[in-house]
Amino acid sequence: MTTVIPQRIVFTRPVCDYCFKEDKWLVHALNDLHGIKVCEEHFVDGQRDVKAWFHTNDMVLIEDLLKVYDLPRVGILVPRSNGSFTEGGELVCSSVKNQFVHKNSNGDWVVMVSFLGLQKEINIKILCGDAYGVVEHLERGFYKDEYDSVKDLTVSTSTFKHDGLQEVYVPGTGVVRMLIMPPPPSTKN
Ligand SMILES: [Zn+2]
């Protein structure tokens, strides 16, 4: 059994990353150009591995969070530069491009909120007042089960057969392309 690390999909052969069978299914990770290529049989593996990768990168799909928590989507308090708060932010949750709650460099879980035509990053604690224990859940690992189930698996040989440039989600910046070095090969099965 192998695990696959999401990567850029464009200009690659349409074969399943697990069994190399020709197929056209995709499980998206960062956006519609980045994810895991799967066949019908390995679709669930693709979903599992994308979530495990999100866990490694401290990211949670807002879409998934909303399935568990009834978070406010409009009328969100937005911090102003003078230290006060203004109500009226809207949760950015597009189905076209995956949107995430992610951990920033200060160790805070943040989310993008649209306010007066601008996108602002706000602490998830401001969004929900932590009334639902959301932060504790994020700290425990929203996708920890998926991560635990793949952490000892061998990375598929189809992964990293590229130039090392991958799309990476950078908190506060969005998706950028970065040179990523492959991990050492695992000896476990
Ligand atoms: Zn397959």
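A: Start with the largest nonpolar core, which has 32 residues. Val 60, Val 101, Val 111 and Ile 124 make the most contacts inside this core. Several elements supply at least two residues each: S3, S4, helix H1 (43-56), strand S5 (59-61), S8, S9 and H3. S9 gives the most, with six residues. Domain 1 (2-59 + 143-179) and domain 2 (60-140) both contribute residues, so the core lies between them. Keep in mind that this is a predicted model.

Leaving out residues up to four places away in sequence, Ile 124 touches Val 101, Trp 109, Val 110, Val 111, Val 134 and Val 135. Two of the residues with the most contacts inside the core, Val 101 and Val 111, are among the residues Ile 124 touches.

Next comes S9 itself. Strand S9 covers residues 109-115. Is S9 mostly enclosed or mostly open, and why? Six of its seven residues are buried, so S9 is largely enclosed by the rest of the structure.

Which strands pair with S9? Take them one at a time. Strand S7 (residues 85-91) pairs with S9 in the antiparallel sense, over two bridges. There, Leu 91 has Val 113 of S9 as its bridge partner. Strand S8 (residues 100-103) also runs antiparallel to S9, and three bridges join them. Strands of a sheet pair through backbone hydrogen bonds, either parallel or antiparallel.

Two of these pairings are hairpins. S8 and S9 form a hairpin with five residues between the strands. In this hairpin, Gly 107 takes a positive phi near 85°. S9 and S10 form a hairpin with two residues between them. Leu 116 sits in that turn. Its place is the loop between strand S9 (109-115) and strand S10 (118-123).

Most residues other than glycine have a negative phi. Leu 116 has a positive phi of about 50°, although it is not a glycine. Is Leu 116 buried or exposed? With 9 C-beta neighbours inside 10 Å, Leu 116 counts as exposed.

Phe 20 has a phi near 65°, a positive value in a residue other than glycine. Phe 20 lies in the loop between S2 and S3. With 14 C-beta neighbours inside 10 Å, Phe 20 counts as partly exposed.

An open sheet of three strands has the order S2-S4-S3, with antiparallel pairing. Strand S2 (7-8) and strand S3 (25-31) are the edge strands, and each pairs on one side only. S2 pairs with strand S4 (residues 34-38) in the antiparallel sense, over two bridges. Within S4, Gly 35 is the bridge partner of Gln 7.

Follow the chain on from H3 to Gly 133. Gly 133 is in the loop between helix H3 (124-128) and helix H4 (134-140). Gly 133 is exposed, with 12 other C-beta atoms within 10 Å.

Finally, step back to the whole chain. The secondary structure comes to five helices and 13 strands. Of the 189 residues, 28% count as buried. Among contacts with a separation of 6 or more, 51% join residues 24 or more positions apart.

To recap the part you asked about: the largest nonpolar core has 32 residues, S9 gives the most to this core, and the core lies between domain 1 and domain 2.

Note on methods:
Residues are numbered from 1 along each chain as its sequence is written. This is a predicted model: local features need pLDDT of at least 70, side-chain atom pairs count only at pLDDT 80 or more; totals for chains, interfaces and linings use all residues. Two strands pair if DSSP finds at least two bridges between them. Helices (H or I, at least four residues) and strands (E, at least two) are DSSP runs, numbered from the N terminus. A residue is buried if 20 or more other C-beta atoms lie within 10 Å of its own, exposed if 12 or fewer, and partly exposed in between; C-beta atoms are placed from the backbone. Two residues are in contact if their C-beta atoms, placed from the backbone, lie within 7 Å. A nonpolar core is a set of buried Ala, Val, Leu, Ile, Met, Phe, Trp, Tyr and Cys residues joined through C-beta atoms within 7 Å. Domain bounds come from an automatic or database domain assignment.
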